[in-house]
Amino acid sequence: MSAMSPTTPRFKQNVREALANRNIQAALGNAQAGFVAKRAAARAALPEFDDIRDAARDLKNHVLANLADYLERYEEKVTAAGGHVHWAETAGDAQRIVLDICRKAGAKTVNKGKSMISEECGINDFLEEHGVRAQETDLGEYIIQLRHEAPSHIIAPAIHVTVPEVEAEFRKAHTHLDPGRNLSEKAGLMAEARSVLREKYFAAEVGITGANMLIAETGQSVIVTNEGNGDLSQSLPRVHIVMASLEKIVPTLEDAATVLRVLARSATGQEITVYTTFSSGPRREGDPDGPEEYHVILLDNGRTNMLGTEFQEMLRCIRCGACMNHCPVYQSVGGHAYGWVYPGPMGAVLTPSLIGVEKGGQLPNASTFCGRCEAVCPMRIPLPKMMRHWREREFEKNLTPSAARCGLAAWRIVATRPWAYRLMTAAAARVLRIAAMGKGRLASLPMGRGWTDYRNFPAPQGRTFQSQWRGEQ
Amino acid sequence: MSAREAILSRIRRASGAADPQAVAARLAGGQKAPVPAQGRAEGEARVAQFIAKARAADATVSRLASADDLPGALADELRARNLPAAIRTGADPLFDRDWGGIERSIGTGRLEEPATLSRAQMAMAETGTLLLASGPDNPVTLTFLGETHFVVLAAKDIHAGFEDMWAAWRARGLDPRTVNLVTGPSRSADIGQTLQLGAHGPVALHVFVVG
């Protein structure tokens, strides 16, 4: 999979492979429980959490209603600080802008802090094709770069990689080190990555980071990290490039604080990440370090087409990952199955918007509509509602497979005729109850193997809901 | 039409009439968001909260009566951590003092930096967070390249939360290239989903609160 050739159209095959992959299943099992418990604890420790979520939602709605004005104001401030703003309509435009800056800087190596926008634009492969080495420095991104993989989670990109796999990868890549060294401890692996990457920081001519926010008031870009790699990537090279999508704007420092108060708590359960860095322009006169050039690439890539549509609210997303951490589908299949850059519920909504419903239309079907994603979203994005909109569009465009269309047509006949519905559900409840033979669950169902291959089917316990309701009345 | 014009006109077409007055009011600070109670501590409780929160984020903290105590306190810390008696700092006048047996060098961060010392402009008790600003006397790389990073902070510069810290920040009228909010030493959970300190930045962070 790469950013330019998503495997999203073969989503079902991806899912089967993920379900059969023991490493993925083991890693997901460990990780999800941690994320969910940590977010819950962080939320419980901040009584004002939900009020701040409301304020964060309102703030982004205000920005989206006035986006052009804020972008102009932001650009003005960046320029005044001596920085350059580049507007990119597409991922391809962003690629060319990055390459152009690298060529002018005579860059052989580019160091990268973590950036989902650079993943979206496929920057690494593009630069490599043009003779520039793109070096990932986030520990997780470094591991998956060695494995030639894409991230499987937006904030924990190597969540699917086991410790022995990391060790094997390091032994293969770090051939200059003693082959007999002990790498059995996680601490040893971390120390090795730290020292290998430390040297690379000093070699690169250009550093690329993403941006969690762009502040219109000050012209600053903001990154939120725990490792410090994004800071070394922007402080040591001569040129700093920020890659950001244009909806990342917030008006003021106080608005940034509102977002920060919900971001880390929703993502990792931290009150705040270790580093929150505000950058503007190149180094000032007399500064002993920092970049001499500062560029911001503002990427559209389909986002402005979401404005004014039923998908506009998706542009409030701050990429915390809470929706995927709490999603039963993501928890079962992991991020790679989604086949492109953004997995989980936010990916199920964003992917069809950005690469088209023809390629990404299967993702919104991968939902149980349990609603946990919306319940935990710090920006209160109605993800299930938007997935439903995509399902409708997929159906309208005749992209839904014929078996599903026939099933839906049959369902319509039954669901719009109460007598038929009553008859069928009563018969089904009786048959399933008898078939369960008092166990309360079914291990296999004819025509229902898609369900029972992976979990038991709960058998109806008594009468149908409708007949119970009539009894109550 | 340039990409800029195309993007801006698409936005204006899609979102309809903007509200320039609302934008101006918001940029002028007209919008108040909820400030959590943990961002409103006062007096000595504020200093105590800062210290507790910084420690919760795995920093270590000690309190000095005056900046004159710095060389002695730093020497003790270096010795206790089994570090060489050497420190890398910026040119900040605060550090122009007799360092006794500690070898002080001035400059930016290098590949190997066992211990660095910086000055925090401010801090906030809300999350135990330091604010460091880059400048001629304050190299930003010292914050990230030191294996152990020492930071000096005046107790009077500890604010309650983001709101009063930003207000004080604007009042100072600084416009540095980089503002670093730092909460504890660097860390990563990317290997085996186990949190480990010392990813690319410091393995340890120690704060001297002065006053």
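What follows is a tour from domains to a helix pair and then to salt bridges.

Before you click, note that this is a predicted model, where local features need pLDDT of at least 70, side-chain atom pairs count only at pLDDT 80 or more, and totals for chains, interfaces and linings use all residues. Residues are numbered from 1 along each chain as its sequence is written, chains are lettered from A and ligands numbered from 1 in the order in which they are written, and side-chain values use heavy atoms, with hydrogens and water left out.

**Stop 1: the domains of chain A.** Colour residues 8-299 as domain 1 and 418-472 as domain 2; these bounds come from an automatic or database domain assignment. Their centres, taken over C-alpha atoms, sit 48 Å apart.

Stop 2: Now select α4 (residues 67-80) of chain A and α1 (residues 3-15) of chain B, whose axes come within 8 Å and cross at roughly 145°. Axes here are lines fitted to C-alpha atoms, for helices over the stretch in contact, with angles from 0 to 180 degrees between N-to-C directions. Helices (H or I, at least four residues) and strands (E, at least two) are DSSP runs, numbered from the N terminus.

Show side chains: on the α4(A) side, the residues in contact include A:Leu67, A:Leu71 and A:Glu75, and they face a set in α1(B) that includes B:Arg4 and B:Leu8. Contact means heavy atoms within 4.5 Å.

**Stop 3: a bridge between chains.** Which residue does A:Glu75 form a salt bridge with? Pick B:Arg4: the closest N and O atoms are 2.7 Å apart. A salt bridge is a side-chain nitrogen of Lys or Arg within 4 Å of a carboxyl oxygen of Asp or Glu. A:Glu75 lies in α4 of chain A and B:Arg4 in α1 of chain B, so this pair joins two chains. A:Glu75 is buried at 13% relative accessibility, while B:Arg4 is partly exposed at 24%. (Buried is under 20% relative accessible area, exposed over 50%, partly exposed in between, with a 1.4 Å probe and protein chains only.)

**Stop 4: inside chain B.** Jump to B:Arg119 and B:Asp92, a salt bridge with its closest N and O atoms 2.9 Å apart. B:Arg119 is in strand β4 (residues 113-119), B:Asp92 in the loop between β2 (86-89) and β3 (103-106), and 27 residues separate the two. Is B:Asp92 buried or exposed? Buried, at 3% relative accessibility; B:Arg119 is partly exposed at 32%.
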